[in-house]
Amino acid sequence: MHFKLMTLPAHSLLILAASLSAIASVLHIVILFGGPAWYDRFGAGARIVELSKAGHWYPTAITAVIASVLAVWAAYALSAAGVLPRLPLLRTVLCAVTAIYLLRGLVIVPMLLFARERVNAFLLWSSLVCLFYGAVHGVGLIQVWPMLSTG
């Protein structure tokens with residue numbers, strides 16, 4: 001079976017992009033309920049784990065904000081795919097989302113070059129995931145760009 005990415009309907013990649021952001025959002029919500037062990041398992045860092053163990057509000061607040069932002073990003077991708085009504089600043093927001101995912105993914109490059117000792121498995125894998133998310137968003141956005149410039 002030969003698979004050509006560009007032969008998919010224009011909205012297919014944005015639906016995938018929305019699904020990826022939604023999965024990341026749900027994962028952050030699950031981590032909230034998993035507590036310190038889950039923060040640790042998913043690479044939140046020692047400070048966040050310790051704050052969570054101490055019952056501090058900060059890990060919960062920041063994780064909830066991240067989950068909310070990811071859910072909004074999923075809604076914007078669905079809007080661009082035509083699944084949801086057109087949201088305000090659709091092209092601008094999707095460009096920003098794509099850039100954020102790509103920049104977050106690319107943070108690994110200077111770290112590998114200049115601070116290799118700070119690179120751990122979580123940072124490497126999360127960077128690769130963010131690069132993939134950014135690529136899916138970017139290609140999906142390119143595919144629907146002409147349709148987004150009207151209306």
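You're looking at a predicted model, where local features need pLDDT of at least 70 and side-chain atom pairs count only at pLDDT 80 or more, while totals for chains, interfaces and linings use all residues. Residues are numbered from 1 along each chain as its sequence is written, and side-chain values use heavy atoms, with hydrogens and water left out.

**Overall fold**
- The protein has seven helices and zero strands; helices (H or I, at least four residues) and strands (E, at least two) are DSSP runs, numbered from the N terminus.
- Along principal axes, the C-alpha atoms fill a box of roughly 50 × 35 × 30 Å.
- Out of 151 residues, 32% count as buried (buried is under 20% relative accessible area, exposed is over 50%, partly exposed is in between; 1.4 Å probe, protein chains only).
- Among contacts (heavy atoms within 4.5 Å) with a separation of 6 or more, 65% are between residues 24 or more positions apart.

**Helix α1 and Ser25**
- Helix α1 has 23 residues and spans 33 Å from first C-alpha to last, close to the 33 Å expected at 1.5 Å a residue (the expected span is 1.5 Å times one less than the number of residues).
- Ser25 sits in α1, which covers residues 12–34, and it counts as buried because its relative accessible area is 6%.
- Setting aside neighbours within four places in sequence, Ser25 touches Ala67, Leu70 and Ala71.
- Other buried α1 residues include Leu13, Leu14 and Ile31, and the cover over the helix's buried residues includes α2 (36–41), α4 (57–80), α5 (90–106) and α7 (121–148).

**Aromatic contacts**
- There are four aromatic pairs, taking rings of Phe, Tyr and Trp (its six-membered ring) with centres within 6.5 Å; planes under 30 degrees apart are stacked, over 60 edge-to-face and the rest tilted.
- Trp57 and Tyr58 are edge-to-face, because their ring centres are 5.8 Å apart and their planes are at 75 degrees.
- Trp57 is exposed at 58% relative accessible area, and Tyr58 is partly exposed at 34%.
- Tyr101 and Tyr133 also pair edge-to-face, at 5.3 Å centre to centre and 75 degrees between planes.
- That pair bridges distant parts of the chain, with Tyr101 in α5 and Tyr133 in α7, 32 residues apart.
- Tyr101 is buried at 5% relative accessibility, and Tyr133 is buried at 11%.
- Trp73, Tyr101 and Tyr133 are linked into a cluster by ring pairs.
- Arg91 lies over the face of Trp145, 5.1 Å from the ring centre (the rule wants NZ of Lys or CZ of Arg within 6 Å of the ring centre and within 35 degrees of the ring normal).
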